[in-house]
Amino acid sequence: MEALKYTAYDVPIAGIQPFTTIDFPGKIAAVFFTQGCPWHCRYCHNADLRLTGHVNDVSSVSRDSIESFLSSRSGFLEGIVVSGGEPTIHTSLPYLLSSIKEYGYDTALHTNGNNPEMLGSILRQGLVDYVAMDVKAPPAVYDRITRFTNTGISATRSISKILSSQVDYEFRTTYHPSLLTEAELMDTVHAVYNAGARKYYIQRFTKKGVRDEELMLGGDYVEIPDAVVQEARKLFSVFDVR
Ligand code: SF4
């Protein structure tokens with residue numbers, strides 16, 4: 001039997017954000033949103049992107065549109081960010097990243113770290129120039145946030161893969177007081193630092209796109225506990241709340 005042949009266009013792309021200056025540090029970029037994520041975080045901003053299915057059923061951007069976008073923005077955009085959903089669930093992600101590079105773009109990957117094997121392979125092959133990884137919680141309480149099994153193990157391994165590569169990175173944690181206690185947020189800060197990371201951000205929960213009514217608080221933003229902010233400022237070379 002002939003082996004399956006994957007192509008760049010087996011990655012379902014649910015949408016393209018044509019311009020961003022904040023998702024790929026130092027680059028004028030666009031964002032490709034891949035469809036599908038196995039995790040089920042209550043604060044997910046992209047609930048529609050979680051659904052999985054056959055590429056032809058869930059991809060709303062055609063192969064022709066992707067190719068036309070990549071060729072028409074050449075010389076204007078410097079980079080393409082591949083985000084999700086969760087890009088690393090797609091076997092053909094390396095082909096997509098490689099194809100984007102063939103058009104002359106630098107590439108960034110946004111990941112939840114659920115597939116350390118694929119992430120390691122992508123890093124080794126030089127298919128990404130920047131990785132931003134969500135760190136949901138300290139390892140012991142990870143599954144409570146993701147509502148999936150053994151996610152802390154995968155995430156810990158992915159952090160190691162990123163830090164043992166030469167690729168530029170950031171780690172970031174979204175904080176909501178109903179989901180993480182202050183002590184657990186502090187433990188997350190220490191876990192990321194102790195793994196060897198020096199670039200880290202804490203993100204305020206915002207309501208936009210979130211479907212879980214119970215997480216909707218009075219204001220639009222959640223304040224980050226000051227003791228955690230002070231500790232993170234002490235530890236990391238690059239840190240901010242955003
Ligand atoms: S990992 Fe990201 S995309 Fe997946 S459910 Fe959680 S917040 Fe949503």
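## Basis of the model

The model is predicted; local features need pLDDT of at least 70, side-chain atom pairs count only at pLDDT 80 or more, and totals for chains, interfaces and linings use all residues. Residues are numbered from 1 along each chain as its sequence is written.

## Loop between H6 and H7

Helices (H or I, at least four residues) and strands (E, at least two) are DSSP runs, numbered from the N terminus. Asn-150 is situated in the loop that joins H6 and H7, and this residue is exposed, with 11 other C-beta atoms within 10 Å. Its phi is positive, near 60°. Arg-147 lies in the loop between helix H6 (142–146) and helix H7 (151–163). Arg-147 is likewise exposed, having 11 other C-beta atoms within 10 Å, and its phi is positive, near 55°. Most residues other than glycine have a negative phi, and most peptide bonds are trans.

## Ligand surroundings and the cis peptide

The shell around the ligand (C-beta atom, placed from the backbone, within 6 Å of the molecule) includes Cys-37, Trp-39, His-40, Cys-41 and Cys-44. Also among them are Asn-46, Arg-50, Gly-84, Gly-85, Glu-86 and Asn-112. By class, four are nonpolar, five polar and two charged. Here Ala, Val, Leu, Ile, Met, Phe, Trp, Tyr, Cys and Pro count as nonpolar, Asp, Glu, Lys and Arg as charged, and the others, Gly among them, as polar.

Gly-84 and Gly-85 are joined by a cis peptide bond, with omega near 10°. Gly-85 belongs to the loop between S3 and H4.

## Helix H4

Leu-93, Leu-96, Leu-97 and Ile-100 are buried in helix H4 (residues 93–102). Viewed down the H4 axis, the buried residues fall within an arc of 95° (taken over the directions from the helix axis to the C-beta atoms), so they line one face of the helix. An α-helix has 3.6 residues a turn, so residues three or four places apart point the same way.

The cover over these buried residues includes helix H3 (63–72), strand S3 (79–83), strand S4 (106–111) and helix H5 (116–124). Gly-104, which follows H4, has a positive phi near 100°.

## Helix pairs

The axes of H5 and H7 come within 9 Å and cross at roughly 10° (axes are lines fitted to C-alpha atoms over the stretch in contact, and angles run from 0 to 180 degrees between N-to-C directions). H5 is therefore roughly parallel to H7, a term for angles under 35 degrees. In contact (C-beta atoms, placed from the backbone, within 7 Å), Pro-116, Leu-119, Gly-120 and Leu-123 of H5 meet Ser-154, Arg-157, Ser-158, Lys-161 and Ile-162 of H7. This contact comprises four nonpolar, three polar and two charged residues.

For helix H8 (residues 182–195) and helix H9 (residues 226–235), the axes come within 10 Å and cross at roughly 5°; H8 and H9 are therefore roughly parallel to each other. Glu-182, Leu-185, Met-186, Val-189 and Tyr-193 of H8 meet Val-228, Glu-231, Ala-232 and Leu-235 of H9. The contact of H8 with H9 has seven nonpolar, no polar and two charged residues.

## Leu-179

Leu-179 occupies the loop between strand S6 (168–175) and H8, and is buried, with 20 C-beta neighbours inside 10 Å. Apart from residues up to four places away in sequence, Leu-179 touches Arg-42, Tyr-43 and Ile-145.

Terms used
Parallel < 35°, antiparallel > 145°, perpendicular 65-115°, else oblique. Contact = placed C-beta atoms within 7 Å. Buried ≥ 20, exposed ≤ 12 C-beta atoms within 10 Å, placed from the backbone.
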